[in-house]
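Q: Could we go through this structure together? I would like to start with contacts and then move to the sheet.

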Amino acid sequence: MATTADASNLPGRIETLTPAEDEKLRQTWAALFKIYELADGESSVPSTPVVEQTPEPASPASTRRTSLFRWRSASSATTPAPEPAAALGTAEDRFHRELLSKYLVGEKASTLKSIISNMSKQDHPDSLLLRFLRARKWVLEDTLNMLFTVLNWRHKEMHVDDDIMFNGEGKAADEEKNGDEKTKAIAKGWLDQQRMGKSLWHGLDKQNRPISVIRVKSHNPKAQPPESMERYIVHLIETARLFLTPPIDTVCVVFNLTGFSLSNMDYHAVKFVIQCFQTNYPECLGVLLIHNAPWIFQGIWKIIHGWLDPVVAAKVHFTNGRAGLEEYIASDRLIKELGGDEEWDFDFIEPVDGENDLMKDTATRDKLQEERRVLFAKFEEVTRKWVAAEDEESRKKLNAERVETANELTANYWRLDPYIRARSHFDRCGTIQPDGSPVVWYNPVPTSAKKSADAAAVEEKLAEVTISDTKGATEVTHTEQAAAVAAA
């Protein structure tokens, strides 16, 4: 097998922050706390209309395609203030108001916190913010602009958590049968892509990053509505986030162009994938391999390359044949379809009736969500103290509390997960472990097989608990039943 890569020294991560990077992280949290106050009207800054600022002109070397506002100094001769600065607050306050009015107008701090908490999932909240800081080269204003763009996209445009992940493949299967014409077409388009295995997730590369293989020749742009493609892509990426176990925080994507023809080319889908990796899921891409590209792809690549941020473009490499892929993926981890030795074939497991029954238990869900809200509030309260601490010793002690609370948030997420995320193929085939254990890529035991093998033991154990409980004349709780199942 390939040797395990040491990912503990990756720059810009929680464990490897330089003093300057640590300061930027604290500044980012401080800015968020200020924005919370503005959202709830608790700031001492008067509530006045936001004055539009003039974007800085891009330097000749700049390749950024969106205008990002920068905080101006009072001495700037190019930005005369139409009113006294005191009437509008500081430059930072004006920038924060601009973020709220541009992206999340009318939202309260509680909503912002909830979106950030949901987006963090099982991760340490610092890890989430660090992705944005690294993507925007530690420039605070650019980081916040990018972050709020994504918060808006998740919450108001794509409805990632309250629709795509909440309803998932199970709802799509139902709508495929019972939906109206439009809904049925979108659902069928999504599931058909799953069934054909247009995108495979299996195994680890030489740096222990999960591998996604895109079978480009399987794509027909006319076979599904664009909405189906977008939901399919977002669902895959969101699910893949559950594959990541620190310190691994990026993935390896292989675009397999074997058999590619112009009929497979879909510029809309390509643009959406680029948007995801460059903006909506920053710093999630470790490497992108374009494999066995035919000559007709050369002209297409010139167009696509022009859309890429230089940071993302630097992660793209062209490979040919088994030897090319083996620079990144060990032969015994490379699936046979790509010329490797790993015996593995994709077989989509359809949604099963009752697999999302836990989502009907709203009482338990609400209890776990309230537990998460309290934990996140605790994390933020300690973080406020960490941000304000002036000496290294105090910051170190407070950060230890933050780490402890972040670990509690991780444990809470995995308890909450089956109540807020519909089961996917990767749950049904046993790849994703229900307790958040590291993914078992090689020879996973399907969940259904585990249930079949243990059914008798579980029933027997539950019967013992029930009999014992009857003798004690007390009620068998959900916790006791869960403990019995775990013991079995």
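A: A term first: contact means heavy atoms within 4.5 Å. This is a predicted model, in which local features need pLDDT of at least 70 and side-chain atom pairs count only at pLDDT 80 or more, while totals for chains, interfaces and linings use all residues. Residues are numbered from 1 along each chain as its sequence is written, and side-chain values use heavy atoms, with hydrogens and water left out.

Q: What is F243 in contact with?

A: Setting aside neighbours within four places in sequence, F243 is in contact with W201, P210, F426, T431, I432, V439 and W441.

Q: And which residues touch the most other members of the largest nonpolar core?

A: They are W201, V234, F243, Y281 and F297, in a core of 55 residues. Such a core is a set of buried Ala, Val, Leu, Ile, Met, Phe, Trp, Tyr and Cys residues joined through side-chain atoms within 4.5 Å; buried means under 20% relative accessible area with a 1.4 Å probe, protein chains only.

Q: Where does this core lie?

A: Domain 1 (11–41 + 92–157 + 360–419) and domain 2 (197–338) both give residues to this core, so it lies between them. The domain bounds come from an automatic or database domain assignment.

Q: Now the sheet: what is the strand order?

A: The order is β1-β2-β3-β4-β5 in an open sheet with mixed pairing. Strands are DSSP runs (E, at least two residues), numbered from the N terminus, and two of them pair if DSSP finds at least two bridges between them.

Q: Which strands stand at the edges?

A: β1 (199–204) and β5 (316–319) do; each has a single partner strand, so one side of each is left without a neighbour in the sheet.

Q: How many bridges join β3 to β4?

A: Six bridges join β3 (residues 251–256) to β4 (residues 285–291), and the two run parallel. N256 has H291 in β4 as its bridge partner.

Key. Helices (H or I, at least four residues) and strands (E, at least two) are DSSP runs, numbered from the N terminus. Buried means under 20% relative accessible area, exposed over 50%, partly exposed in between (1.4 Å probe, protein chains only).
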